[in-house]
Amino acid sequence: RQFVRYKASANHVQPDIVITAGTFLELLMVRLSRRTRKAFKVTWLRTIWVDQKTYRIPALIRPLVRKTEAWLLRGADLILGNGSDIAERYSVYGLKVTVIRNAVDLVRWSAPAPKIASPIRVAFVGRLAIDKGIVEFIEMARRVKSGPLADDFIFDVYGHSGEEALVAKAADAGILIMHGAVNNEALPAVLAELDLCV
């Protein structure tokens with residue numbers, strides 16, 4: 001409502017092209033506005049939204065949400081994705097996704113081969129979101145730390161934005177070490193010290 005009200009009240013020239021990034025939800029806002037509805041709409045999908053949010057969507061309404069997502073995406077003139085998995089997933093709905101693959105600076109992220117000596121350093125690096133697997137990582141660390149190989153592993157968590165409380169609780173219990181967010185420039189040096197990275 002705020003977006004529609006803002007677009008209606010502000011003195012905007014109708015754009016020729018509108019680009020949304022993220023999911024179909026950003027495209028929904030563009031389609032609701034009279035001033036952006038007729039523009040050439042480019043949608044850049046950064047994730048497979050329904051699959052990522054499955055744990056939050058009741059099973060009964062998932063088919064309806066998937067159909068709604070596909071219907072809204074049909075309103076885009078060009079759909080971009082950053083992986084073939086996204087293109088394959090949305091092709092089920094007859095949607096064509098043009099893939100622009102993610103790229104990695106191999107020199108910046110080069111690291112020595114892991115030592116794999118006891119204790120083995122295993123780390124979760126990324127957003128501490130349920131859909132990224134942080135709950136499973138904590139459960140795996142808990143199982144290992146309660147078993148006969150407990151002293152052979154150290155579990156580290158680098159990241160923020162999500163289940164910090166859950167990670168902090170596991171850290172307090174001695175299951176893992178919580179490091180919080182790491183500056184992107186410092187991350188290659190952090191990764192070089194790890195044996196396994198999730």
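**Exercise 1. Find which residues of helix 5 are buried, and where they sit around the axis.**

Start with the burial list. In helix 5, Val65, Glu69, Ala70, Leu72 and Leu73 are buried. Buried means under 20% relative accessible area, exposed means over 50%, and partly exposed lies in between (1.4 Å probe, protein chains only). Helices (H or I, at least four residues) and strands (E, at least two) are DSSP runs, numbered from the N terminus.

The arc is that of the directions from the helix axis to the C-beta atoms.

Then look at the other face. Turned away from the buried side are the exposed residues Leu64, Lys67 and Trp71.

Now list the packing partners. The buried residues of helix 5 pack against helix 2, strand 2, helix 4, strand 3 and helix 6. Contact means heavy atoms within 4.5 Å.

Last, check the length. Helix 5 has 12 residues and reaches 16 Å from its first C-alpha to its last. That is close to the 16 Å expected at 1.5 Å a residue. The expected span is 1.5 Å times one less than the number of residues.

A note on the source: this is a predicted model, in which local features need pLDDT of at least 70, side-chain atom pairs count only at pLDDT 80 or more, and totals for chains, interfaces and linings use all residues. Residues are numbered from 1 along each chain as its sequence is written, and side-chain values use heavy atoms, with hydrogens and water left out.

**Exercise 2. Work out the strand order of the open sheet and follow the pairing.**

First, the order. Four strands form an open sheet, 1-2-3-4, with parallel pairing. Two strands pair if DSSP finds at least two bridges between them. Strand 1 and strand 4 are the edges, and each pairs on one side only. From one strand to the next, the twist averages 25 degrees.

Second, the bridges:
- Strand 1 (residues 17–22) pairs with strand 2 (residues 40–45) over six bridges; Thr20 stands opposite Thr43.
- Strand 2 joins strand 3 through four bridges; Trp44 stands opposite Leu80.
- Strand 3 pairs with strand 4 over three bridges; the partner of Gly81 is Val99.

Third, the faces of strand 1. Val18, Thr20 and Gly22 form its covered face, while Ile17, Ile19 and Ala21 form the uncovered one. In a regular strand the side chains alternate between the two faces of the sheet.

Helix 2 touches strand 1 and strand 2, and its direction makes about 150 degrees with that of strand 1. Helix 6 lies across strand 2, strand 3 and strand 4, at about 170 degrees to strand 4. Axes are lines fitted to C-alpha atoms, for helices over the stretch in contact, and angles run from 0 to 180 degrees between N-to-C directions.

**Exercise 3. Locate the cis peptide bond and the positive phi values.**

Take the bond first. Ser118 and Pro119 are joined by a cis peptide bond, with omega about 0 degrees. Pro119 is in the loop between strand 4 (97–99) and strand 5 (120–125).

Then take phi. Ile116 has a phi near 45 degrees and lies in the loop between strand 4 and strand 5. Its relative accessibility is 46%, so Ile116 counts as partly exposed. Ser161 has a phi near 65 degrees. Ser161 sits in the loop between strand 6 and helix 8 (164–172).
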